[in-house]
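Me: I would like a close look at one part of this protein's surface. Please start there, then walk me through the rest in short steps.
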Amino acid sequence: MRLKSFHGPNLTEAMRQVREALGENAIIVATRDDDAGGIRVTAAIDEVSSPPDAAKIPEPPEGSEAVEVIAEALTRHQVPSHLAERLLATATQFANDDPVLALGAAFDTHFEFQPIIDEKPGKPLILIGPPGAGKTLCIAKFATKATLSKRPVTVFSTDLDRAGGMEQLAAFTRLLKLNLIEIEDAHALQDAIALQKGAHIFIDTAGGNPFSDRDRKEIHALVAAAGGEATLTLPAGLDASEAVDMAQEFRHLGATRLLVTRIEMVRRLGSMLRVAFDARLPFANYAASNKVTEAPQPFNPVSLARLILNKDSGVRIQDSGEKQKHKKEA
C-alpha cells in the first residue's frame, strides 16, 4: 500500500487531486487543516502484488479497515460523489475498529437530526408530501403510539378529495376510539387547533404537487395554520434528482424535517441521503413496516449508520413478528 498526501484550498479540490493521481480506488486515510491554510488529505492505494521474495508491504494504517467498509457501503448505496467524499473524509478522522461509530460520527457532522419522539401537547404534527408517500399510515402510527401511551389524541384530516382517503384514516381512528375531524380549509384548521387543549394533534393532508401553484398555496396555508412547521414525508427509493427538487420546494412551503417511509422495500438509500443533504432537511424518523402498531423509528447518527452498513450485507430488517418468533425458537 502506497500513501501520499495532497493539499488544496478546500476538501473538494484536494479530493480531485487524489482521484487524478491515484484513481477511484484510492482510500482516504486522513484529512486535516493544513498549517499553511487549506486542507491536506492523505490517501492510499494498493500497488500491484510483489513477488514472494520482495520487501513486505506495510500493514494498512489503523482504522483503514473500517474506512474500507464504509467506502464500500457508500458505493453500494449509490451515494453521490460530492457527499460520499465528505462522509468518507470525516469518517477517516474518527476511524477505529467499529465502522458504525466512524460513519455515525460523519453523519453527525454533515446532517442534522430532529426526531419525532413525544411532541408537546398542543403542538400539531402535520405531515405534507406528494401523493402516495405514506402520510396517512404514518399519522395512524403516531396516533396509535400516543393512544397506547394513554395520552389524549386528536386527529385531523384535510384529505377530503382523494377516493378512500378519509375512509382509510377513519378505519384506524375507529379502532382507537378516536374522533376524526374533517377539515375543509386552513381557517377551519386554525380554529380547530385552538379548541384542542392539552391534546396531541396529528394532521393528515392530501398529497400535493409542489410544482403546482394551486397546490403550493393550499399546502402553505395549511402549514401556516398549523403553526408554520411541517414534516415532509417521502418514500425511500425515489429518483434522487426528482426527490431533491421536490424536497426543496416543500421546504419553501414550511417543511422543517424529513420522514422517510417504505425503507424496508429498497436496497439503496443514497437518494435519501442526498435529499436530506442537498435540501438541508434534518432527518426525523423512518417507517420500516406497513403495520399501524409499529411507529416510525427516530433517526440518529448511529441508527442511520447501521441502516447504511447493514442493508444487503447479511443483515435484514426484521418486523416484530419475526423477532417474537426468533425469541420463542431460542
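Which residues form the negative surface patch?

Reply: Glu167, Glu182, Glu184, Asp185 and Asp191 form the negative surface patch. Before going on, note that this is a predicted model: local features need pLDDT of at least 70, side-chain atom pairs count only at pLDDT 80 or more, and totals for chains, interfaces and linings use all residues. Residues are numbered from 1 along each chain as its sequence is written, and side-chain values use heavy atoms, with hydrogens and water left out.

What makes a patch? Its residues have over 30% relative accessible area and no salt bridge; like charges are joined within 9 Å, and nonpolar side chains (Val, Leu, Ile, Met, Phe, Trp, Tyr) within 5 Å. Asp and Glu count as negative, Lys and Arg as positive, while His and the chain ends are not counted. Each charge is placed at NZ of Lys, CZ of Arg, CG of Asp or CD of Glu.

Take one member, Glu167. Glu167 sits in helix 6, residues 165–176. Helices (H or I, at least four residues) and strands (E, at least two) are DSSP runs, numbered from the N terminus. Glu167 counts as exposed because its relative accessibility is 51%. The cut-offs are these: buried is under 20% relative accessible area, exposed is over 50%, and partly exposed lies in between (1.4 Å probe, protein chains only).

Now step back to the whole chain. The chain has 12 helices and 11 strands. Of its 330 residues, 47% are buried. The chain exposes about 17,100 Å², and carbon and sulfur atoms supply 49% of that area. Such areas come from the Shrake-Rupley method with a 1.4 Å probe; for residues, only the protein chains shown count as cover. Contacts (heavy atoms within 4.5 Å) tell us about the fold. Among contacts between residues at least 6 apart in sequence, 74% join residues at least 24 apart.

Next, the charged pairs. Side chains of opposite charge can pair when their charged atoms come close. A salt bridge here is a side-chain nitrogen of Lys or Arg within 4 Å of a carboxyl oxygen of Asp or Glu. By this rule there are seven salt bridges.

Start with Arg16 and Glu13. Their side chains meet in a salt bridge at 2.4 Å, N to O. Arg16 and Glu13 are three residues apart in helix 1 (residues 11–22), so about one helical turn separates them. An α-helix has 3.6 residues a turn, so residues three or four places apart point the same way. Arg16 is partly exposed, at 31% relative accessibility. Glu13 is partly exposed too, with 22%. A network of salt bridges links Glu13, Arg16 and Glu20.

Then take Asp278 and Arg274. Their side chains form a salt bridge of 3.0 Å, N to O. Both lie in helix 10 (residues 270–278), four residues apart, about one turn of the helix. Arg274 is partly exposed, at 22% relative accessibility.

Arg216 and Glu249 also form a salt bridge, with their closest N and O atoms 2.5 Å apart. This pair links distant parts of the chain: Arg216 is in helix 8 (residues 213–225), Glu249 is in helix 9 (residues 240–252), and they are 33 residues apart. Arg216 is partly exposed, with a relative accessible area of 24%. For Glu249, partly exposed as well, the value is 24%.

Now the backbone. Most residues other than glycine have a negative phi, and most peptide bonds are trans. Lys150 is not a glycine, yet its phi is positive, about 65°. Lys150 lies in the loop between helix 5 (135–148) and strand 5 (153–157). Lys150 is exposed, at 77% relative accessibility. Arg262 has a positive phi as well, about 55°, and is not a glycine. Its place is the loop between strand 9 (255–261) and helix 10. Arg262 is partly exposed, with a relative accessible area of 37%.

Finish with covered places. Helix 11 (residues 301–310) is mostly covered, with seven of its 10 residues buried. Pro301, Leu304 and Ile308 are among them. The buried residues of helix 11 pack against helix 2 (64–76), helix 4, helix 10, strand 10 (283–286) and strand 11 (297–298). Helix 4 (residues 99–110) holds His110. His110 is partly exposed, at 23%. Leaving aside neighbours within four places in sequence, His110 contacts Arg86, Leu87, Thr90 and Phe277. His110 and Leu87 are 23 residues apart in sequence and 7.4 Å apart in space, C-alpha to C-alpha.
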